[in-house]
Amino acid sequence: MGEIEDGEADHITTDVQGQKCALVCECPAPESVSRKDNLPFLNAVLKNPVCKLYRFPTSDNKWMRIREQMSESILSFHIPKELISLQIKEDLCRNQELKELGELSPHWDNLRKNVLIHCDQMVNMYQDILTELSKETGSSFKSSSSKGEKTLEFVPVNLHLQRMHVHSPHLKDALYDVITVGAPAAHFQGFKNGGLRKLLHRFETERRNTGYQFIYYSPENTAKAKEVLSNINQLQPLIATHADLLLNSASQHSPDSLKNSLKMLSEKTEHFVHAFKDQLVRSALLALYTARPGGVLKKPPSPKDGTEEHSPQDPPPPMRRQDSIPHHSDYDEEEWDRVWANVGKSLNCIIAMVDKLIERDAGSEGSSGGSQDGEKDPSLVDSIITHPKEDWYEQLYPLILTLKDCMGEVVNRAKQSLTFVLLQELAYSLPQYLVLTLRRDVVFSQALAGLVCGFIIKLHTSLHDPGFLEQLHTVGLLVQYEGLLSTYSDEIGMLEDMAVGISDLKKVAFKIIEAKSNDVLPAITGRREHYVVEVKLPARMFETLPLQIKEGQLLHVYPVLFNVGINEQQTLAERFGDVSLQESINQENFELLKEYYTIFMEKMPPDYISHFQEQNDLKGLLENLHQNIQAKKRKNVEIMWLAATICRKLNGIRFTCCKSAKDRTSMSVTLEQCSILRDEHQLHKDFFIRALDCMRSRQTQGALNESDDPETGCLSDNKPTSRHFYPVALLLVSSHLLVVWLILSLALLLAKYQ
């Protein structure tokens with residue numbers, strides 16, 4: 001679990017009633033057991049496996065074989081580098097758009113210059129971090145001793161795959177995977193003022209209540225502005241490409257190709273026009289106009305068309321303006337309506353021309369017919385004059401050129417207005433905003449690296465399960481995080497960071513594509529509000545996928561987090577502190593888990609659902625989990641067990657996290673593994689504790705104490721293990737206990753030196 005010492009291991013045996021539980025380290029497993037681990041793809045993602053073999057008796061005195069494997073993942077560094085590169089491009093693009101915002105009044109221009117200075121510094125810092133990460137060629141994971149290093153803060157701590165393969169004499173072979181990773185948190189920045197959950201809430205509250213020097217837009221409106229800008233950047237080149245394809249089809253005089261090209265052009269253009277039917281764009285245009293030199297109060301806005309989504313009397317979204325920003329201006333709002341409506345009219349004109357050309361080519365009137373006739377403007381059709389001997393290309397070219405010109409005008413206006421909205425987001429408390437952005441990027445990067453690792457492993461282990469693949473594209477994938485952080489001291493901030501980072505994973509979608517080369521490492525596209533991770537599969541694996549997935553359907557994830565503090569610090573928090581953070585996180589994520597269950601029951605086929613219900617009553621498990629969350633019992637580990645069971649029943653991905661993914665994580669995973677062996681594979685009841693001790697033994701798990709620290713890469717033979725030295729204050733109560741303690745300590749020292 002996490003960092004372990006991979007040294008020469010001896011056979012460890014436990015004599016019980018004449019039998020032995022054997023553990024063999026680094027021994028080759030039978031082909032039937034190891035075959036699934038030898039997939040070329042997994043070998044490209046996982047490395048440095050450490051394997052252990054166990055043999056435990058079942059309840060009917062037969063033997064089961066267990067193969068435990070822990071592997072590092074090169075995604076620990078690959079995903080952060082991909083993500084930082086993408087964020088640098090996004091920030092550079094935003095900075096360029098701010099520079100191209102045009103002329104502004106002195107107040108706004110000074111604000112823009114200040115924003116650009118700080119944002120350029122931020123980009124330079126990201127570039128420096130990326131450069132340093134590119135130099136890392138040693139270990140494929142970040143050890144806990146490196147938590148506080150700035151250059152590695154985007155990298156998750158101790159990201160590993162913990163896999164247990166069970167070969168039972170009665171049941172089919174079973175595979176159980178748990179991803180172990182340190183809690184995603186900004187350790188370098190520290191937790192003096194709390195974590196992201198508290199910091200973001202405080203920042204937004206102060207920003208909402210402060211209206212000087214900037215215009216307030218809600219986080220929803222700001223996210224909407226980024227979404228529209230992203231759609232613009234994606235759709236504009238697509239429309240231009242489809243327009244060129246339409247001209248190419250026209251030059252070839254191919255009616256079928258012309259129809260297909262027109263269909264694609266129509267769909268993309270309609271999406272483009274629809275993106276601007278939003279009141280936010282209109283209010284942003286007005287705000288930008290008033291920020292230009294000479295933008296003054298003259299008359300109220302012009303009445304809107306009856307077809308608009310908002311009535312003329314509807315006010316724009318609530319905004320706090322400084323006194324220099326007027327509520328009305330002489331800005332002609334109808335002009336904006338005309339600008340983006342011209343795009344639709346240009347498209348209708350192209351549709352009318354294509355219909356006319358195809359009708360004439362077929363030699364009969366009305367042969368094209370179809371649903372598009374209803375979309376045509378009769379005046380446009382009447383104004384189009386075609387000549388039999390003219391080339392199709394020559395007749396369509398001016399119309400395509402007009403469409404591109406109209407689209408360019410819309411893009412220019414919309415980009416500037418929405419960029420002005422983003423300027424407002426940056427304007428308030430700029431240094432603090434950028435620090436929060438950095439912290440959120442750091443935490444998200446750590447969480448994403450673990451998620452991608454878990455998704456790829458889950459995909460490959462379930463590649464031949466048609467039920468799972470159907471669930472993947474129909475419902476989505478459940479991702480369950482088990483947190484073991486206390487709600488005391490710095491770990492409160494870690495838990496707040498972790499909660500936001502895992503929640504942000506809802507912005508991630510996966511897309512499976514066919515690998516065109518030997519490079520099968522995933523790639524990331526998108527922006528901070530929406531990322532797409534492209535997972536590459538070799539051709540033979542890609543062909544086995546359902547059609548929807550092969551066609552590029554986005555696969556969504558549903559992350560949930562349940563936390564139960566289990567260490568001595570949690571005891572202090574429950575007696576003298578506050579556990580409301582843990583309670584609220586568990587309650588919120590129970591609702592998310594229940595939502596996923598509801599979608600699962602609605603969308604999956606009845607026969608598939610009945611298979612799940614036969615294994616265990618999911619509804620009953622959920623009710624039990626809810627009761628345990630409401631019970632507010634101290635250190636209620638039943639929450640962890642129930643959440644993990646529900647996740648496994650729903651084909652989800654399991655994560656176990658603590659501060660560094662070492663002691664608490666290893667204890668939790670080994671307990672879970674032995675519980676699975678007992679409940680699912682008939683482990684003999686007398687061997688549960690012995691199996692647990694065997695998995696947790698020092699030779700198996702590496703050193704578990706301070707003097708034998710696996711992070712140092714060596715074992716210390718000069719120090720006694722501190723766990724055997726009992727508190728002196730307690731021993732002084734009795735002279736007899738003190739004598740016993742001294743004798744035991746001396747015996748341990750002598751044994752260690754020998």
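**Close-up 1. Strand β12 is mostly covered in this predicted model.** Of the 6 residues in β12, 6 are buried. Let us look at where their side chains go. In a regular strand the side chains alternate between the two faces of the sheet. Here, Ile653, Phe655 and Cys657 point one way from β12, while Arg654, Thr656 and Cys658 point the other way. The residues on both sides are all buried.

**Close-up 2. Strand β12 pairs with β6 and with β7.** Strand β6, which covers residues 174–182, runs parallel to β12, and 4 bridges link the two. The strands β7 and β12 also run parallel, joined by 5 bridges.

**Close-up 3. Tyr54 and Phe56 form a stacked pair of rings.** The structure holds 9 aromatic pairs, so there are several to explore, and this view shows one of them. A pair of aromatic rings is described by the distance of the centres and the angle of the planes. For Tyr54 and Phe56 the centres are 5.7 Å apart and the planes meet at 20 degrees; because planes under 30 degrees apart count as stacked, this pair does too. Are these two residues buried or exposed? Tyr54 is buried, with a relative accessible area of 2%, and Phe56 is buried as well, at 0%.

**Close-up 4. Tyr481 and Phe655 stack between two strands.** Their ring centres lie 4.4 Å apart, with 15 degrees between the planes. Tyr481 belongs to strand β7 (residues 477–483) and Phe655 to strand β12 (residues 653–658), so this pair ties together parts that are 174 residues apart in sequence. Both Tyr481 and Phe655 are buried.

**Close-up 5. Two charged side chains sit over aromatic rings.** Which residue lies over the face of Trp63? That is Arg55, at 4.2 Å from the ring centre. For Lys458, the charged end sits over the ring of Phe468, and the distance to the ring centre is 5.5 Å.

**Close-up 6. Thr222 is a buried residue of helix α6.** The helix covers residues 219–251, and Thr222 lies within this stretch. Why does Thr222 count as buried? Its relative accessible area is 3%, and buried means under 20%, so Thr222 qualifies. Look for its contacts too: leaving aside residues up to four places away in sequence, Thr222 touches Tyr217, Leu422 and Glu425.

Definitions and conventions:
Residues numbered from 1 in each chain as written. Predicted model: local features only at pLDDT ≥ 70, side-chain atom pairs only at ≥ 80, totals over all residues. Heavy atoms only, no water. Phe/Tyr/Trp six-rings, centres within 6.5 Å; stacked < 30°, edge-to-face > 60°. Buried < 20%, exposed > 50% of the residue type's maximum accessible area, 1.4 Å probe, protein only. Lys NZ or Arg CZ within 6 Å of the ring centre and 35° of its normal. Pairing = 2+ DSSP bridges. Contact = heavy atoms within 4.5 Å.
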